[in-house]
Structure formats: C-alpha cells, structure tokens
Amino acid sequence: MKKIAVMAGDGIGPDITEQAVHVLNAVEEKFHVRFQYEYVLAGGAAIDQCGEPLPAETVAVCKNCDSVLLGAVGGPKWDIPGGPRPEQALLGIRKELKVFSNLRPAKIFPQLKSASPLKEEILADGVDILIVRELTGGIYFGKNGIRANGLSAFDTEEYSITEIERVCRRGFEFAEKRNHKLCLVDKANVLESSRLWRKIFTGIKSDYPEVETSCMYVDNAAMQLVKCPSQFDVIVTSNMFGDILSDEASMITGSIGMLPSGSLGASNLGIYEPIHGSAPDIAGKDMANPLATILSAAMMLRYSFDMGEAADCIEAAVDSVLDEGWRTADIMQEGCRLVGTRQMGQLVASRI
Ligand code: NAD
C-alpha cells in the first residue's frame with residue numbers, strides 16, 4: 001500500500017487533483033495495488049483555515065506519506081501586501097522534504113503538434129525530454145552581496161562534490177528508466193564549478209554502463225533544444241541552467257495544461273505537480289485541463305513507486321483520449337470535441 005498526500009491547494013487545484021485521484025483509482029483496480037490518500041491543507045486554503053500557508057500538521061502528514069500530489073496554490077484573494085503568501089507553501093514543503101532534484105519533462109503529443117511554436121519538420125522525430133535540474137544549490141543559494149555602496153553586486157556559484165554527485169546519479173537512474181541517454185549541460189569552458197561537474201559526472205558514468213553519455217555547453221544546449229530537440233533523452237544540469245532550459249523546453253510543447261513535474265530528494269518521497277499555476281480565472285468552472293496533474297501522478301508511479309508499467313498505462317490512456325479527439329478548452333482544435341475537467345478525467349480513467 002502506498003500513502004499519497006493530496007495537497008489540492010487553491011483555484012483549479014481541487015478540480016485537477018480530484019481527476020488525478022480518479023485515474024489513480026482506476027490504476028488500483030487494474031494493477032492490484034492500494035493507494036491511501038491523505039488530504040492536507042496548503043496555500044491560500046490553509047491561510048484561510050489556519051492562518052499560515054503550510055501548517056505543521058501538513059508537513060507531518062507529508063513526511064509520513066510515500067509521496068505528495070500537489071495541485072496549485074495562490075490567487076488574488078491572498079495578494080495582500082505584508083500578508084502571508086500561499087506560494088510560501090511550495091518553497092516550504094520542498095525544503096521540509098529536502099528535494100534536491102527537479103524533474104521537468106517536455107513532451108510533444110503528436111496530436112497537439114500544431115500548438116508548438118516550432119516548425120513541423122523539426123518535430124518530425126518527436127520530443128520527449130526529461131530535464132533534471134539541481135534544486136537546492138548553486139548560484140541561487142551561494143554567497144551574494146552588494147559592494148562599494150551599490151556600485152557593484154555579486155552572486156556565487158558553488159557546488160560540493162556531494163551535491164553534484166547525488167543529482168548526477170539521479171540523472172543516470174532516470175536515463176536507465178527511459179531511453180538510456182544522458183547529457184550533462186554545463187559551461188566547463190569558462191566555469192570552475194562546471195569543470196567539477198564534468199569530473200564527477202565522468203567519474204561515475206562507469207556505474208551505469210547501459211547509459212550513453214554526452215556533455216554540452218549550455219549556450220549550445222539552448223540552441224540545440226530548438227534546432228533538434230529529438231536528440232535529447234535526459235539532461236542533468238545545475239540550478240540556474242536548469243531553470244532556464246526547462247522553461248525553454250516546456251515552451252516547445254506549446255501547451256501549459258499538459259506539463260507535469262516532480263521533485264525528489266535522497267529517498268523515494270517526491271512532490272509531483274503540474275507546472276502551471278492555480279488559474280483563478282477558470283477556477284470552479286469545470287474548464288481546467290487536468291492532464292498535467294494526471295501525468296504528474298504517472299511520474300509519481302514511475303519515479304517514486306517504481307511502477308513503470310502503470311505509469312506507461314496512464315500515459316497511453318491520455319494518448320488515446322487525445323487520439324479520439326477529446327479536448328479541454330485550452331487545447332481545443334478544429335474538428336475536436338470539447339469536454340470539461342470532470343469529463344476529461346473520467347475519459348482517461350475509463351481508458352486505463
Ligand atoms: P497560471 O498558470 O495559473 O495561469 C496562466 C494562464 O494559463 C491562465 O490563463 C490560465 O487560465 C491558464 N491555465 C493554467 N493552467 C491551466 C489548465 N490546467 N487548464 C487550462 N488553462 C490553464 O499562472 P498565473 O495566472 O500567472 O498565476 C495564477 C496564480 O497561480 C498566482 O497566484 C500564482 O502565484 C500561482 N502560481 C502557482 C504555481 C504553483 O502552485 N506551482 C505556479 C505558478 C503560479
């Protein structure tokens with residue numbers, strides 16, 4: 001039995017997590033597994049009920065679960081200057097669960113190719129990339145400051161061997177579960193810290209003989225992502241490079257309502273969530289696309305529960321629903337059939 005903390009959050013959060021749970025229920029039946037859900041408060045909903053975005057009880061329940069499924073948090077209701085912010089729940093739970101790697105897949109569904117800003121011939125070989133970004137170190141957390149009365153400012157990129165090795169090993173492990181290719185993205189021609197990344201990466205690659213490796217400078221990687229995205233399987237990189245490249249890669253797919261993500265630390269306990277926000281403009285209107293959250297649940301099965309076959313099954317169900325022409329409003333195309341959040345969830349669950 002696996003315990004899943006469901007952190008629905010605000011806006012469309014409750015609508016989309018409900019559909020992901022429907023799909024997980026269908027997985028339970030098909031694969032003879034058991035999921036137990038623990039519903040916890042976070043974000044604006046927690047501010048309303050407890051006065052803080054991440055109550056201690058929420059953290060305690062999450063730590064006692066095997067994984068966390070997160071909807072989204074935030075909304076204009078809590079945009080109060082000086083008040084507690086719902087988004088603090090996100091940073092807080094990541095810190096509490098010590099997740100040091102962020103997993104951002106960028107996949108183009110052939111049915112939605114026309115939503116991509118890239119030319120069709122560039123997408124001919126498909127796009128299915130997983131970016132593994134280091135999340136808790138590097139320049140965003142290094143020494144910084146202002147000198148000479150504001151005439152200069154500095155930020156520092158510093159990585160320890162431990163920080164580099166653990167995230168690189170994650171990259172190798174994910175490559176083993178996918179298409180066995182891993183590319184380290186760095187700036188080793190300029191940065192000392194990048195040279196350390198390369199040394200560690202090269203030093204551990206013999207532990208993963210089935211994975212084909214490469215190294216690429218970040219400026220080239222930014223170009224290659226739009227020139228020939230099909231060359232990549234898994235990319236592992238530092239915090240800042242990953243921040244930028246994962247947003248670039250997600251734009252290639254063209255549909256924000258379709259993109260899942262996950263964050264993992266040393267254990268299998270991960271946080272899985274769509275990359276979009278709480279979309280207050282469509283909250284409660286049965287209009288939100290639940291597929292990013294459903295695909296986040298699939299990632300949870302693959303990367304936290306080692307249930308690759310069940311994850312494949314969810315992804316195949318999403319594929320067939322798209323093949324059949326069902327669309328929520330955000331991905332609607334000519335000749336397709338418009339459905340709401342609930343019906344989309346039911347359709348995917350019924351295809352499991
Ligand atoms: P957003 O992602 O919520 O919405 C941007 C646009 O995309 C909106 O038009 C919205 O309707 C649409 N959209 C987003 N998800 C969709 C879905 N599943 N289906 C259909 N359409 C979808 O970003 P925003 O408007 O900048 O932020 C709204 C709130 O969400 C803010 O309070 C922000 O702080 C918060 N936010 C939370 C997270 C998170 O919880 N991880 C991430 C980003 C933003």
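## Helices α9 and α10

Helix α9 passes helix α10 in a left-handed crossing. A crossing is left-handed if the near helix is turned anticlockwise from the far one by less than a right angle, and right-handed if clockwise. Helices (H or I, at least four residues) and strands (E, at least two) are DSSP runs, numbered from the N terminus.

This is a predicted model, in which local features need pLDDT of at least 70, side-chain atom pairs count only at pLDDT 80 or more, and totals for chains, interfaces and linings use all residues. Residues are numbered from 1 along each chain as its sequence is written, and side-chain values use heavy atoms, with hydrogens and water left out.

## How α9 and α10 pack

Helix α9 covers residues 291-304 and helix α10 covers residues 308-323. They pack at an angle of about 160 degrees, and their axes are 7 Å apart. That makes α9 roughly antiparallel to α10. Angles under 35 degrees count as roughly parallel, over 145 as roughly antiparallel, 65 to 115 as roughly perpendicular and the rest as oblique. Axes are lines fitted to C-alpha atoms, for helices over the stretch in contact, and angles run from 0 to 180 degrees between N-to-C directions.

Which residues make the contact? From α9 come Leu291, Ile294, Leu295, Ala298, Leu301 and Arg302. From α10 come Gly308, Ala310, Ala311, Asp312, Ile314, Glu315, Val318 and Leu322. Contact means heavy atoms within 4.5 Å. The residues of this contact divide into ten nonpolar, one polar and three charged. Here Ala, Val, Leu, Ile, Met, Phe, Trp, Tyr, Cys and Pro count as nonpolar, Asp, Glu, Lys and Arg as charged, and the others, Gly among them, as polar.

## Helix α1 against α10

Helix α10 also packs with α1, at an angle of about 130 degrees and with the axes 11 Å apart. The two are therefore oblique to each other. α1 passes α10 in a right-handed crossing.

Val23, Val27, Lys30 and Phe31 of α1 meet Glu309, Ala310, Cys313 and Ile314 of α10. By class, this contact has six nonpolar, no polar and two charged residues.

## Helix α11 and Thr341

Helix α11 spans residues 341-351. Its buried residues are Thr341, Met344, Gly345, Leu347, Val348 and Ala349. Buried means under 20% relative accessible area, exposed over 50%, partly exposed in between (1.4 Å probe, protein chains only). These residues pack against α1 (13-31), α9, α10 and β13 (326-327).

Thr341 has a relative accessible area of 1%. Leaving aside neighbours within four places in sequence, Thr341 is in contact with Asp15, Ile16, Gln19, Asp286, Met287, Ala288 and Pro290.

## Aromatic pairs

The structure holds five aromatic pairs. Rings of Phe, Tyr and Trp (its six-membered ring) pair if their centres lie within 6.5 Å; planes under 30 degrees apart count as stacked, over 60 as edge-to-face and the rest as tilted. The rings of Tyr159 and Trp197 have centres 5.2 Å apart and planes at 90 degrees, so the pair is edge-to-face. Tyr159 sits in the loop between β7 (152-155) and α5 (161-177), and Trp197 in helix α6 (residues 192-204), 38 residues apart. Both Tyr159 and Trp197 are buried.

Phe174 and Tyr303 have ring centres 4.6 Å apart and planes at 70 degrees, so this pair is edge-to-face. Phe174 lies in α5 and Tyr303 in α9, so the pair ties together parts that are 129 residues apart in sequence. Both Phe174 and Tyr303 are buried. Ring pairs also link Phe172, Phe201 and Tyr208 into a cluster.
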